[in-house]
Amino acid sequence: MKPRSIKTRITLWITLLVVVLFSLMLLFAFSMSSSVVQRTARQQLADAVRANAALVSFADGQFAAGEGFAFSRSGVSCLVYSKAEALLAGQLPVGFSASVPFENGTLRTVESSGGDWYLLDLWVADGWENGVWLRGLMEVPDVSATARNLLLAAAVALPLFVLAGALGCYFILRRSLRGLDAVNAAASSIGEGKDLSRRIGPVPGGRELTQLAENFDGLLERLQRSFEAERRFTADASHELRTPVSIIKSACEYAEAFDETDEERRETLGMIHRQADKMAGLIGQLLALTRLDQGTETLRPVPLDLGQLARRTLEDQNYDAARLRLALAEGVTVKGDEALLGRLAANLVDNAFKYGLPGGTVTVEVRAENGEALLTVADEGPGIPAGQQEKIWQRFYQVDAARGDQQEGVGLGLSLVQRIAQLHGGRMTLKSAEGAPSAFTLHLPLA
Ligand code: ADP
């Protein structure tokens, strides 16, 4: 069974609530009004009997009604009985036939064949021995008329209330949820068509839905960017791999087709070797980046002396010592993964040799500054134009692609450098300009 829509559910709930609330209010109004009517009637009876009692007088021990004594007024009947309970004056009201023993001062409700009556007896004494009973009687007011009136009002008002409540609720909800429908439609059309460039845009229906749509659009924006980057990365990677493979293939085909001299063969083999190296480098960098991205390459951070690490890395790499200038401070300790930080340093020094001034000096410096450990690799030019300095950190970006082709790089080195810095809670900065030296600096928190 399809679940009921939120609109229907909330409307039903509100309607039910209106009905219950209305019925409770009705019940309350009824009980209030009937209790007020009854209280007023009892007060009226008591007042009338007491007023009469004040007007009783005796002449020679005989009862005499003073002026203003009312035997019947506003539904209250007043009767006078002797001490021996014989009726002296007044008339029993029609419909009252019960014989009730006298009881001084208590207002009682008594049942009679004609209905219920309020009854109040008062003893009016004349000396120690003599006196009369005053008995007031009043019919208990019929509250069924009140109930009937209330029910009539309810019969008219309740459907109106329910209808207004339900319709109001339904329309407000329908308007509010229209925005949700827009989000829904966009989500399913994106799901079906895989069109990540679609956006929901402004939606009707209140602040929450506008916020939802904005968040959704933001999510789509990020998804689209990451999908785009993924797609570009795959395309670039396959392109970069295809180039050396086709060079190797055509070199082989040429060697097979033509009878090459030993020297030519050596040259061909050399070219194949260089291209295979380039591929190996590329695959290695790709793997490293993927592992870092996926978190499969686990970081093994240990306290490291950054200067010693740089020195070890440079020794391992067999650089031209005559072109290296070192300024490695002692005791600059960081917490990091030795292999990854070594790779970072080697990448920066490789680049300085590859892209720096031919024959120029490469300076590697380690120092502590402002609570940070710094590793700087600087060359003597020709620098990187300001407009390209942001882009060189992107994957496969090369400032001069044609020049890059001569070298074994493919534009992944600096992406790897930046990723490693980030994984260590650090960052990379670059100071360079066109025609000026470049200085790449790794900033790490001091251990
Ligand atoms: P690659 O694998 O091609 O070396 P990188 O990501 O290491 O790629 O570098 C990206 C680009 O940045 C290089 O192609 C190069 O043009 C430029 N670059 C890197 N280091 C330097 C440098 N020290 N001086 C000038 N340009 C540089």
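First, the ground rules. This is a predicted model, with local features needing pLDDT of at least 70, side-chain atom pairs counting only at pLDDT 80 or more, and totals for chains, interfaces and linings using all residues. Numbering runs from 1 along each chain as its sequence is written, and side-chain values use heavy atoms, with hydrogens and water left out.

Now the ligand. How many residues surround the ligand? The count is 18, and the closest are Asn351, Tyr355, Asp379, Gly411 and Leu414. By class, the shell has nine nonpolar, six polar and three charged residues. Charged covers Asp, Glu, Lys and Arg; nonpolar covers Ala, Val, Leu, Ile, Met, Phe, Trp, Tyr, Cys and Pro; the others, Gly among them, are polar.

Next, polar contacts, meaning pairs of N or O atoms within 3.5 Å. Asp379 puts a polar side-chain atom 2.8 Å from a ligand nitrogen. Gln398 has a side-chain N or O atom 3.0 Å from a ligand oxygen. At Gly411, a polar backbone atom lies 2.9 Å from an oxygen of the ligand. Taken alone, the ligand exposes 540 Å², and the protein buries 98% of that. Those areas are Shrake-Rupley, with a 1.4 Å probe.

Last, Arg9. Arg9 lies in helix α1, residues 6-54; helices are DSSP runs of H or I, at least four residues, numbered from the N terminus. Buried, exposed or in between? Arg9 counts as partly exposed because its relative accessibility is 48%, and that class sits between buried, under 20%, and exposed, over 50%, with a 1.4 Å probe and protein chains only.

Technical notes:
A residue is near a molecule or strand if one of its heavy atoms lies within 4 Å of it. A polar contact is a pair of N or O atoms within 3.5 Å; within protein, one must be able to donate a hydrogen and the other to accept it, and residues adjacent in sequence count only if both atoms are side-chain atoms. Helices (H or I, at least four residues) and strands (E, at least two) are DSSP runs, numbered from the N terminus.
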